[in-house]
Amino acid sequence: MSSVVARAARLLPGRQRAERGPDFAAMLSALPIPVILLDPENRFRHVNLAAQQFLGMSASSLAQLRLSDLVPPDSPLFLLIDQVRQTEATIADHDMTLESPRLHKPGIRVQCAPLPEEPGAVLMVMQDASAVRALDRQIAFRGAARSVSGMAAILAHEVKNPLSGIRGAAQLLELSVAPADRELAVLIRDEADRIRALVDRMEVFGEKPIQRSAVNIHRVMEHVRKLAQSGFAAHLHFQEIYDPSLPPVWGNRDQLVQVVLNLVKNAAEAATHDGNTHPEIVLSTGFQHGMRIAIPGSTTRVDLPLYVAVRDNGPGIPDDIRPHLFEPFVTSRPTGNGLGLALVAKIVGDHGGLIEVDTRPGRTEFRLHLPVVTDEDAEQ
Ligand SMILES: Nc1ncnc2c1ncn2[C@@H]1O[C@H](COP(=O)(O)OP(=O)(O)OP(=O)(O)O)[C@@H](O)[C@H]1O
Ligand SMILES: [Mg+2]
């Protein structure tokens, strides 16, 4: 947007301006998100006000510089920009660090898009992680469930064995005690079973490498829908919007069933709250280009082009739960364990995937970004 246009818009009387449509330059400058336009030589063509604050420099100083004056040449940002120019597609990176003598910005989400009208120009939008959180699109970080791993192992060893002893003893008592006391023995047995079931659920958090193969994600979704409709979600309306052209996911089928099942269970519980006359769950899949994630401890980044989403029309995630959504034992339901989403985060993390949550009253969506089978995987 040239400054001539901006000036012309300012000179127009209010009424005429409204008829002309919005003043895009003014909108861009008021936008509280850093927006940068780079020319084909990575010179700063336009920086809005938020971007000037973000970079700590005025537009006139930036106009004299190239991106390489601010960011070291080995920064992944340049790779991202090159890729946008090559593919002419929008690409995002979720956890980039911009580090130089002038800048120290860890955990930046960067989105880059080509400008079809100007070949070689790249539009860059940056947000620091806290801003992303404020926008309520949350990413479950990989370690969300790590703390449970050790505990799961201890529980499995130290609780399960004595528990089977207690259960066996209660069973024997059932046979020998007076009828009036039998009820107590049954109570002990049932409670032992309940603890065992809980420990079994926790065991999944253990650190075992996953067995992967090519998984047809639509079979997974349909399997879960059938399970749900023949059980806990019999009264709910399901809508399925699938992209049949999707390639297989590189993952573990049973674990992916568990993930989708946990999400659909939560969605069903949320959608059937009081007063919702049309509880509905929408299952969808599709391509979303431009999702990438860094592999911890390396500079490698993998593409996550496929998404799986579970949406409900319930009341939304309670405010107090949101910051801890993926932590174990966080629940708002009297009968909940708070393990469903912790397990989802753990499994998706093990798959090298990403979770995003978008929630507001009447619409909550969990979106999983998963890796697809690559030629290298197929060879294995
Ligand atoms: N789709 C949703 N809509 C609204 N709130 C949700 C949704 N999904 C999860 N939540 C909130 O997040 C909390 C944690 O979910 P999570 O699945 O981890 O545990 P839970 O469902 O309470 O118990 P569990 O799954 O172990 O039986 C829920 O108690 C609920 O408050
Ligand atoms: Mg749950």
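Predicted model: local features only at pLDDT ≥ 70, side-chain atom pairs only at ≥ 80, totals over all residues.
Start with the largest pocket. Its volume is about 730 Å³. The lining counts 32 residues. Nearest the centre lie Asn266, Glu269, Thr331, Arg333 and Leu341. Sorted by class, the lining holds 15 nonpolar, twelve polar and five charged residues.

Now look at the elements behind that lining. Four of them each supply at least two residues: helix 12 (253-271), strand 13 (306-312), helix 13 (340-350) and strand 15 (363-370). Helix 12 has the largest share, with nine residues. Asn266 and Glu269, both among the residues nearest the centre, fall within the range of helix 12, 253-271. Leu341, also on that list, falls within helix 13, 340-350.

Next comes the ligand. Ligand 1 takes up the space of the largest pocket. The shell around ligand 1 draws two or more residues from each of helix 12, helix 13 and strand 15. Helix 12 again leads, here with three residues.

There are 22 residues around ligand 1. Asn266, Asp312, Thr331, Ser332 and Leu341 come nearest. Asn266, Thr331 and Leu341 are also among the residues nearest the pocket centre.

Turn to individual contacts. Serine 332 places a polar side-chain atom 2.4 Å from an oxygen atom of ligand 1. Leucine 341 approaches through its backbone: a polar atom there is 2.8 Å from a ligand 1 oxygen. Glycine 338 also uses a polar backbone atom, at 3.1 Å from an oxygen atom of ligand 1. How much of ligand 1 does the protein bury? Taken alone, ligand 1 exposes 600 Å², and the protein buries 92% of that.

Finally, leave the pocket for the cavity. The structure holds one cavity of 30 Å³ or more. The largest cavity has a volume of about 40 Å³. Which residues line the largest cavity? They are Ile36, Phe44, Leu55, Leu67, Leu70, Val71, Leu77, Leu98, Met124 and Met126. This lining has ten nonpolar residues, with no polar and no charged ones.

Conventions:
Residues numbered from 1 in each chain as written. Chains lettered and ligands numbered in written order. Heavy atoms only, no water. 1 Å grid on protein atoms, 1.4 Å probe; cavity = no way out; pocket = protein on both sides within 12 Å on 5 of 7 lines; lining within 4 Å. Points joined across faces, edges and corners; volume = space filled by probe spheres on them. Helix = DSSP H or I, 4+ residues; strand = E, 2+ residues; numbered from the N terminus. Nonpolar A, V, L, I, M, F, W, Y, C, P; charged D, E, K, R; others polar. Near = heavy atom within 4 Å. Polar contact = N/O pair within 3.5 Å; in protein donor to acceptor, adjacent residues only side chain to side chain. Areas by Shrake-Rupley, 256 points an atom, 1.4 Å probe, with all protein chains shown as cover. Sits in = over half its atoms within 2 Å of the grid points.
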